[in-house]
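Please look at the sequence and the structure below, and keep both in view while reading.

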Amino acid sequence: MKNSTLREIRKTIVKMVHKAKVSHVGAAMSVVDILYTLYFDVANINKDNITSPDRDIIILSKGHSSAALYSVLYHKGLLSKEYIENYSIDGGSLPCHIDKEKSPFFEVSSGSLGHGPSLGTGFALAKKMDKNSGRVFVICGDGECNEGSVWEALMFASTHKLDNFVFIIDYNKFQGFGATNEVIDQTNIAQRVQSFGFDTLVIDGNDLNELKTALTHKSDKPVAIIADTTKGKGVSFMENKLEWHYKSPNDEQLEIALAELEEKY
Amino acid sequence: MRKTFINTLIDLARKDKDIVLITPDMGFSVLEPFFEEFPERSINCGIAEQNAISLAAGLALAGKKPYVYTIIPFLVERAFEQVRLDVAYMNTNVKLIGIGAGFTYGTAGATHHAIEDISLMRTLPNMTVCCPGDNNEAEQIVRQSIENKGPMYIRIGRHNRGIFDNNKIEIGKASIIQEGKDIAVISTSNMLPDAAGYCKKLEAEGRNPYLISMHTVKPIDKTVIEKLVNDGVEIHTLEEHSIIGGLGSAVAEVIAESGKGVKFKRIGIPDTFSHYIGSQKYIKEQFGLYFGEEY
């Protein structure tokens with residue numbers, strides 16, 4: 001699966017976290033294929049329609065994976081190179097967790113988990129009230145689903161038949177202290193979400209074809225996508241390693257990572 | 001005061017189609033007239049306060065003007081982080097309508113008492129904090145809220161003791177109900193009738209008190225306080241709220257930074273929960289906060 005854009009997006013992420021010496025590269029690498037598919041292939045969002053009430057809305061609720069969003073927006077031409085170079089430095093332009101004041105393409109601020117689904121239902125309900133088109137995509141982590149507020153929002157979305165609401169779980173199977181299902185068992189998360197009234201799809205969340213099919217799936221119910229992903233995807237020594245929730249690559253690791261990405265994508 | 005709120009909101013909603021009312025399943029026998037007139041703009045999101053706040057923020061980001069209505073401890077404290085981030089930090093146009101100021105729900109117990117809310121809401125950047133003292137103030141504040149773009153908390157209380165402030169008021173400006181000379185009684189929220197009683201008590205002692213309603217605690221009206229300090233007027237603050245962080249603290253900060261000193265006294269709830277069983281009036285009496293017509 002060669003894709004030069006996605007290769008450059010991944011390389012930018014690794015370079016950003018290396019330069020800024022910040023955490024969460026693993027989460028950025030698991031979610032980036034979802035964001036890439038949305039911004040490059042599925043969602044109706046561009047420079048000209050960003051204030052239109054009919055645009056699609058994308059909310060990255062797992063705000064700690066912001067480097068993935070920044071890189072995707074940069075390669076889409078919606079964030080400047082200067083912003084990327086000033087990521088998370090003193091006096092910089094982009095923080096580790098998303099601050100909506102920094103760009104019109106950040107629909108919400110995020111960083112505290114479990115807020116995105118409710119914010120998304122607000123956007124989706126407003127679209128319904130005003131008969132505006134467009135869908136609302138909310139991306140959460142699997143660990144994030146420990147937050148009760150996530151489930152409050154899901155109950156609301158199905159009760160109000162928000163068929164313009166798409167709830168995506170970046171199911172990368174790791175959280176703060178280890179394997180997600182060992183901290184709080186959610187092995188049947190697809191059944192749980194389905195039982196809350198969602199049309200639920202389980203896909204390979206790092207596969208662009210499966211992502212496109214799922215993200216364009218229309219239903220008379222709200223849609224949930226359990227995107228089975230690999231934490232740290234694309235860099236062999238980061239894949240499925242908890243430590244890359246916290247570490248940033250040193251100079252040598254950066255070179256290895258960039259070389260691997262060059263070869264794989 | 002709850003009826004005043006809903007009647008005023010109905011009037012506003014007739015002119016502004018973007019007004020939306022959200023309740024986490026609270027407001028039985030109060031909100032129904034709004035539900036009946038604007039069913040498509042009435043949202044009972046269930047007993048889920050976190051969702052109520054963030055949902056409102058999402059609606060506001062999409063251009064709606066949501067009012068979230070429920071009992072204060074569940075609105076302010078249960079969902080505080082949602083208020084902090086999705087309302088205050090993102091500076092969304094969400095109005096928070098807190099019901100049951102102070103010991104309004106006295107018999108319900110401390111779970112339902114609202115005694116820390118002014119302090120919490122006052123500390124949030126972008127948040128305007130209004131605490132009307134009677135129905136006249138409540139109606140004017142709710143009416144002005146629609147023009148006051150951005151986060152706002154309105155603390156709604158309950159008393160059947162009449163109208164004490166007949167002034168035309170303005171958010172952010174103290175209302176001087178009675179001019180005085182040597183002492184100023186500054187009140188907020190439910191304490192307005194008691195402040196009037198407290199003034200009568202002072203008058204019986206030969207004092208000449210100002211009666212001032214500080215219906216907006218944030219931004220606090222520094223000008224009025226600084227004038228009192230400059231004139232050497234003793235100041236007493238009255239609030240049905242913890243002595244920590246509310247009106248008394250806000251006024252004390254202004255006095256302390258004025259560079260001058262005046263005699264000053266905070267009258268409020270000491271640093272304790274109420275374990276008293278009884279009505280609002282009874283609990284206020286236990287804390288020395290009830291000043292009726294008998295004085």
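B:Asp134 is buried, because its relative accessible area is 0%, and buried means under 20%. The place of B:Asp134 is in the loop of chain B that runs between strand 5 (128-130) and helix 7 (135-145). This is a predicted model, and every value in the briefing is computed from that model.

**Residues that meet across the sequence**

- Although 25 residues separate B:Asp134 from B:His159 in sequence, their C-alpha atoms are 7.9 Å apart in space.
- In chain A, the loop between strand 1 and helix 3 holds A:Gly63, a residue that counts as buried because its relative accessibility is 0%.
- A:Gly63 and A:Leu113 are 50 residues apart in sequence, while the distance in space is 7.6 Å from C-alpha to C-alpha.

**Aromatic rings**

- Over all chains, the structure holds 13 aromatic pairs, and a pair of this kind is described by the distance of the centres and the angle of the planes.
- One of the pairs joins A:Tyr70 and A:Tyr87, whose ring centres are 5.8 Å apart and whose planes stand at 70°, so this pair is edge-to-face.
- Because A:Tyr70 belongs to helix 3 (residues 66-75) of chain A and A:Tyr87 to the loop between helix 4 (81-85) and helix 5 (116-129), the pair ties together parts that are 17 residues apart in sequence.
- Both partners are buried, with a relative accessibility of 0% for A:Tyr70 and a relative accessible area of 4% for A:Tyr87.
- The rings of A:Phe167 and A:Phe198 also form an edge-to-face pair, since their centres lie 6.3 Å apart and their planes are at 70°.
- A:Phe167 lies in strand 3 (residues 165-171) of chain A and A:Phe198 in the loop between helix 8 (189-195) and strand 6 (199-204), so here the pair ties together parts that are 31 residues apart in sequence.
- A:Phe167 is buried at a relative accessible area of 0%, and A:Phe198 is buried at 1%.
- In chain B, one aromatic cluster is formed by B:Phe103, B:Tyr276, B:Tyr282 and B:Phe287.
- A ring can also have a charge over it, as with A:Phe40, where the charged end of A:Lys76 sits 5.4 Å from the ring centre.

**The cavity**

- There is one cavity of 30 Å³ or more, and the volume of the largest cavity is about 70 Å³.
- The residues that line the largest cavity include A:Tyr39, A:Leu69, A:Ile98, A:Phe105 and A:Val108.
- Strand 1 (residues 57-60) of chain A gives the largest share of this lining, namely three residues.
- By kind, the lining of the largest cavity divides into nine nonpolar residues, one polar residue and one charged residue.

**Chain A as a whole**

- Chain A has 10 helices and seven strands in its secondary structure.
- The radius of gyration of chain A is 17 Å, close to the 18 Å that the globule rule gives for 265 residues, so chain A is as compact as a globular protein of that length.
- Taken along the principal axes, the C-alpha atoms of chain A fill a box of roughly 50 × 45 × 35 Å.
- Of the 265 residues in chain A, 58% are buried.

Conventions. Residues numbered from 1 in each chain as written. Chains lettered and ligands numbered in written order. Predicted model: local features only at pLDDT ≥ 70, side-chain atom pairs only at ≥ 80, totals over all residues. Heavy atoms only, no water. 1 Å grid on protein atoms, 1.4 Å probe; cavity = no way out; pocket = protein on both sides within 12 Å on 5 of 7 lines; lining within 4 Å. Points joined across faces, edges and corners; volume = space filled by probe spheres on them. Helix = DSSP H or I, 4+ residues; strand = E, 2+ residues; numbered from the N terminus. Nonpolar A, V, L, I, M, F, W, Y, C, P; charged D, E, K, R; others polar. Phe/Tyr/Trp six-rings, centres within 6.5 Å; stacked < 30°, edge-to-face > 60°. Buried < 20%, exposed > 50% of the residue type's maximum accessible area, 1.4 Å probe, protein only. Lys NZ or Arg CZ within 6 Å of the ring centre and 35° of its normal. Rg over C-alpha atoms; globule rule 2.2 N^0.38 Å.
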